[in-house]
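Me: Hi! Could you walk me through a structure I have just opened? I'd like to chat about its core, its charges and its surface.

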Amino acid sequence: MDKKAIIVGASSGIGKALAIVLANNGYKVGITGRRGEMLNEIKNLYPDQSIPVVADATQPKAEEDLDTLVDLLGGLDLLIISAGVAFINKTLDYSLEDNTNQLNVVAFTKLANWGMHFFERQGHGHIANISSVASRRGGRHAPAYHASKAYQSNYFEGLRQRFYKLKLPISTTDIRPGFVDTAMAKGNGLFWVATKEKAAKQIFNAILHKKTVVYITKRWRLIAFIFSNMPKWMHKRL
C-alpha cells in the first residue's frame, strides 16, 4: 500500500522538488499551493501519484483544505510544511515583517497544530517543516524571517516533548536549509548553494531515518554551529 503524504507549499521550490521525490518513491502525495497551474505541472507528471488542491495557508479554510486532501488520499502518514516567505527588509518596512509573520508564524502554527491533533487521534505519523539555518540567530537584513524560523524550530521542539510524554510513535523533523537555488535565496555573496533536487533528496533521506533535526546540505551544520556560538560582540558587527 502506498504511503500518503501532504506537502503544503508544493507549487515551487523545495516543496515541488520534494513532491517529485516522494512520487518517485511510491508515495501518494497531496499537494497544495496558491498557483494551480504550477501544481498541475506535478499532476501532469504523476497523474496517479499526486492530488492537487489550490489553497492558501494564510486563509481561514486552510485546515478544511487539509481535511479534504486526507479524504482524497485515503489517509495520511506524513505532513510536510514547506510554505514560507522571506524578504530582505533593510528599511524595516512593517508590512513586509507582517507578511512574513502571517505565513511563517500564524499560518505555520495552524498547520502544525492541525497535524499534531490529526496524528494524535490516529496514533502515529510524521510532521516535517522547512525552517532554516537562519533560525539560529537574529539577522539585521531580515529580522522577522530569522525570528519566525526560530519560532518554528522551538515549536517543533515542543511537539517532540509532547509526543514523547504521550508515548506516541509520532516523529518530527526540523529541516534547516542553508542556501538552496529557489526564489527565497536572496542577497549577494551566496555560497554553498544547493540545487532543489539535491536538497529534496537529502530531506527525503532524513525523513526516512526519522531525523529530529537536519541541515541541508549537511555542511551547513558547521555554519550553524559557528553562528550559534558566535560571541554577541562579534555577532552584532555582522
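Predicted model: local features only at pLDDT ≥ 70, side-chain atom pairs only at ≥ 80, totals over all residues.

Me: Great. Which residues touch the most other members of the largest nonpolar core?

Reply: Those are I7, L18, L22, I80 and I203, in a core of 30 residues. A nonpolar core here is a set of buried Ala, Val, Leu, Ile, Met, Phe, Trp, Tyr and Cys residues joined through side-chain atoms within 4.5 Å. Buried means under 20% relative accessible area, exposed over 50%, and partly exposed in between (1.4 Å probe, protein chains only).

Me: And which element gives the most to this core?

Reply: That is α1, with 7 residues. Helices are DSSP runs of H or I with at least four residues, strands are runs of E with at least two, and both are numbered from the N terminus.

Me: Switching to charges: how many salt bridges does the structure hold?

Reply: It holds 4, each a side-chain nitrogen of Lys or Arg within 4 Å of a carboxyl oxygen of Asp or Glu. One of them joins R162 and E120, at 2.4 Å from N to O. That pair links distant parts of the chain, with R162 in helix α5 (residues 143-166) and E120 in helix α4 (residues 94-122), 42 residues apart.

Me: What about K61, which residue does it pair with?

Reply: K61 forms a salt bridge with D65, and their closest N and O atoms are 2.5 Å apart. K61 is partly exposed at 41% relative accessible area, whereas D65 is buried at 7%.

Me: Are D174 and R176 buried or exposed?

Reply: Both are buried. They form a salt bridge too, with the closest N and O atoms 2.9 Å apart.

Me: Now the surface. Which residues make the nonpolar patch?

Reply: W192, L222, F225 and I226 make a nonpolar surface patch of about 410 Å². Patch residues have over 30% relative accessible area and no salt bridge; like charges are joined within 9 Å, and nonpolar side chains (Val, Leu, Ile, Met, Phe, Trp, Tyr) within 5 Å. I226 lies in helix α7 (residues 220-229) and counts as partly exposed because its relative accessibility is 43%.

Key
Residues numbered from 1 in each chain as written. Heavy atoms only, no water. Areas by Shrake-Rupley, 256 points an atom, 1.4 Å probe, with all protein chains shown as cover.
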